[in-house]
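Please look over the sequence and the model shown here, and then read the short report that follows.

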Amino acid sequence: MCATMSPLALFGGPRAVDGDPGDTFSWPIVTENDEAAVLDVLRRGAMSDTDVTEAFETEFAAWQGRDYALAFTNGTAALLAAMFSVGVGVGDEIICPSLTYWASALPAFSLGATVVFADIAPDTLCIDPDDIEHRITGRTKAIVVVHYMGHPADMDPILAVAARHGIPIIEDVSHAHGGLYKGRVLGTLGGVAAMSLMSGKSLPIGEGGMLVTDDREIYERGVAFGHYRRFDGTIQSPALRDYRYLPIGGIKGRMNQFSSAMGRVQLREYDDRATEVRAAINAFWDALEGVPGLRAHRVSPTGDSTMAGWYAAGGHYVPAELGGLSVTRFAEAVQAEGSSCRPGINRPLHLHPLFNTCDVYGHGKPTRIANANRDLRQPHGSLPVSEGIGALTYGIPQFKRYRVEVISQHAAAYRKVAEHAETLMDGDPGNPASLCGWGI
Ligand SMILES: *Cc1c(COP(=O)(O)O)cnc(C)c1O
């Protein structure tokens, strides 16, 4: 078919998506309850106190199913403290997937440690369980597992590797609060978990992070690292008690109580809201079942794993089923239909200059090498799945409400473009050298 005859909106045809989406995409959801809770803190001038935050921690720990929850200014600080709490220090190594937000990895640099990246599995987009063990050395102090874009990592083989070598797992649950892996709650599978609660995340509290664990020693190390006022007589660990009242990490990690107040309200609503998000996104994918080139990135909707609050939902792209059409051109046509489609996911961290050439701390050589005392940089070609995945993925509309009419219009846009892929071949510029950015 010639392009001018195509019904695609890109060529002047009618758009598949029209009308007002209403609240379908509004996020975060803020009600009078959030406002009242934050106003109470404001009127009391209690922003820098810890009464609300400690109540939030108690409720969070109960919801998460762990003994301890410790709040931080943001997820990055919680991850830094989690790494410290399991013993990551000078000259050590952590193993982390290359496809993740930078905060899963970079705090290791601040602790004098370095990062060894593992590849991802092409289906889950999470760390590949078969690409971990051969990267373990005597200096490996933690394996960071990210439940990426809501998808639970395949934990059974990862837990087995970690147990064989006695290495703690840090779960980064920033994309998957409350999700399930074979019936078990994400964030309870490793020795410690940390997560972001910033306002774009599925559990949005303003700005904040949380560390959770069942281990008193890990919890106390988290307190000692960044909570000087709480690093007091309650601390039991003999190794820590001498240093009380000053934060041994030189970090002030206290959460602003505007955030913990909002967090208490958001947590009460969270499970219901996440259920609705899952219903919405599953409906989108159900409507696209069998469409060439497009595959859901999801677990079975009827199994005992879940996509949590389905943060940064996306899909797999199979260009071979669409005549080799690039995801860039595909996304352009979907956008013209009035829907949203972002080609690619995160760029692979191991190729960023910060992990290759940057001397952050004045060692006279790149930090990546200086912190390990050997060159463990991973050049182009070393993590092929992470490097190639951009061309095979895209972000879909971030449905937050189950609005059937809106969802079916967006699904129709994707279906229409896939079914007319051949009319897009002519103007296909191909994909740029790198898709997407560093932000997911
Ligand atoms: C958002 C995010 C973080 C960092 O959390 P902040 O609250 O933004 O500091 C860490 N890891 C992942 C995977 C994230 O998406």
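E93 stands opposite T114 in β3, and in β4 the bridge partner of E93 is T140. E93 itself has its place in strand β2, which covers residues 93-97; helices (H or I, at least four residues) and strands (E, at least two) are DSSP runs, numbered from the N terminus. β2 pairs with strand β3 (residues 114-118) in the parallel sense over five bridges, while three bridges join β2 to strand β4 (residues 140-146), again running parallel. Two strands are said to pair if DSSP finds at least two bridges between them.

This is a predicted model, in which local features need pLDDT of at least 70 and side-chain atom pairs count only at pLDDT 80 or more, whereas totals for chains, interfaces and linings use all residues. Residues are numbered from 1 along each chain as its sequence is written, and side-chain values use heavy atoms, with hydrogens and water left out.

E93 is buried, with a relative accessible area of 1%, where buried means under 20% relative accessible area, exposed over 50% and partly exposed in between (1.4 Å probe, protein chains only). Five of the five residues of β2 are buried; E93, I95 and P97 point one way from the strand, and I94 and C96 point the other way.

The side chains of E93 and T137 are joined by a polar contact of 3.1 Å. A polar contact is a pair of N or O atoms within 3.5 Å; within protein, one must be able to donate a hydrogen and the other to accept it, and residues adjacent in sequence count only if both atoms are side-chain atoms. Leaving aside neighbours within four places in sequence, E93 is in contact (heavy atoms within 4.5 Å) with residues including V116, R139, R374 and L376.

## The ligand

The ligand is surrounded by 16 residues, and the closest are T76, D172, H175, S196 and K201; a residue is counted as near if one of its heavy atoms lies within 4 Å. Helix α3 (residues 75-85) gives the most to this shell, with three residues.

An N or O atom in the side chain of H175 is 2.7 Å from an oxygen atom of the ligand, and a backbone N or O atom of G75 lies 2.8 Å from an oxygen atom of the ligand. A polar side-chain atom of S174, in turn, lies 3.4 Å from a nitrogen atom of the ligand.
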